[in-house]
Amino acid sequence: MYEASDKMVTLMRDNYHLLQTLESFGIHLGFGDKTVKEMCEENNVDTYTFLAVVNYTINGHTDFNDDAQLDVRTLLHYLEASHTYFLDYQLPTIRKKLGDCLDSDNALGQLIMKFFDDYAREIQRHMQYEEKTLFPYVEALLNGEAKKNYNVDTFSKHHESTDRVLIELKLMVIKYLPSDGKTNNKLMAALYDIYNNEEWLRNHANVEDHIFTPAIRRLENQLKQDKVTRNISTMVNKSGNDNNDMLSDREREVIVSLVQGMANKEIADHLCISVNTVITHRRNIARKLQIHSPAGLTVYAIVNGLVDISSVKL
């Protein structure tokens, strides 16, 4: 596992295949002996998120479901830059290499180019969907807005594999090795690029599935939680009930215990009082607040800061 104090040159020396990852984060070569943290800070990249992607790509570390330290905006910029690199550079480069070593008048050569063009269109459609739908949705979440008819689970259902056509393309190229040595070398170089492209795409999809998607889901949940808090506050403020000062400290303790799901006997044991005293406190609480249900007391406790909303199952 690489850490923020490691030198960036060491990370790249050990893992040359991460060069494009570096570029997608907006970190350029020429970093001398600077550490990962220094290079990330110089380029306004969240160090923790950078290392999360790097260590996942290298070691397959995937424990990100409850990782609130991940910076969603950093991940979003990384994925957007990755799309630009792949669509604007990687695909055209591979197509040119294939075109240079295949006979355009040969039926099999034409078929291979058709397979590649079909594959390129499928990848473009896949990435354009994310750019037009998913990425704007995430930007809205970051700005505190939520869409009613879309969420990250919708994206996950449509995040299908894109390697079917690529597998067929590789098989076609392997079977079409010409006898001419010079052409064969060009074709082998193109095939090598295709295999590297397949690995890059697999890593890209895994980052989306195992890092980006859980981060978006946490963002959605936080936004829902914030909305619930605002709605509860609005509801209480409108009702004009400001009875917190009317309660004794012991009555507040009883409310907290009730919200935590304790029964009368458990509350009595917890507060070292009798069950009858608990019942009396509950009767006084209901009279003062005009709240008679556990759900109502839960709302009251959240709004008045007696319990944290994150500790309550909504």
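Analyst: pLDDT is the predictor's confidence in each residue, on a scale from 0 to 100. The term is needed here, as the model is predicted. Over the protein chain the mean pLDDT is 84, and 86% of the residues reach 70 or more. Confidence is lowest in helix H8 (residues 164-175), where the mean is 75, and highest in helix H3 (residues 36-42), at 95. Where pLDDT is low, the predicted coordinates should not be read in detail.

Now to the pocket itself. The largest pocket has a volume of about 610 Å³. Its lining is made up of 23 residues, and those nearest the centre are His17, Gln20, Tyr85, Asn196 and Trp200. Three helices each supply at least two residues of this lining: H2 (19-24), H5 (72-101) and H9. The largest share, 8 residues, comes from H9. By type, the lining of the largest pocket divides into 10 nonpolar, 11 polar and 2 charged residues.

The second largest pocket gives a point of reference. About 380 Å³ of space lies in this second pocket. It is lined by 17 residues, with Ala146, Lys147, Glu220, Leu223 and Lys224 closest to its centre. Here helix H6 (107-142) and H9 each supply at least two lining residues. H9 again gives the largest share of a lining, in this case 7 residues. The lining of the second largest pocket divides into 5 nonpolar, 3 polar and 9 charged residues.

Helix H9, which spans residues 181-239, also holds Tyr192. On the surface, Tyr192 forms a nonpolar patch with Tyr16, Leu19 and Leu29. Together these four residues have about 500 Å² of accessible area.

With a salt bridge taken as a side-chain nitrogen of Lys or Arg within 4 Å of a carboxyl oxygen of Asp or Glu, the count comes to 14. One of them joins the side chains of Glu253 and Arg250, at 2.8 Å from N to O. Glu253 and Arg250 are separated by about one helical turn, because they are 3 residues apart in helix H10 (residues 249-259).

Methods: Residues numbered from 1 in each chain as written. Predicted model: local features only at pLDDT ≥ 70, side-chain atom pairs only at ≥ 80, totals over all residues. Heavy atoms only, no water. Patch = residues over 30% accessible without salt bridge, like charges linked within 9 Å, V, L, I, M, F, W, Y side chains within 5 Å. Areas by Shrake-Rupley, 256 points an atom, 1.4 Å probe, with all protein chains shown as cover. Helix = DSSP H or I, 4+ residues; strand = E, 2+ residues; numbered from the N terminus. 1 Å grid on protein atoms, 1.4 Å probe; cavity = no way out; pocket = protein on both sides within 12 Å on 5 of 7 lines; lining within 4 Å. Points joined across faces, edges and corners; volume = space filled by probe spheres on them. Nonpolar A, V, L, I, M, F, W, Y, C, P; charged D, E, K, R; others polar.
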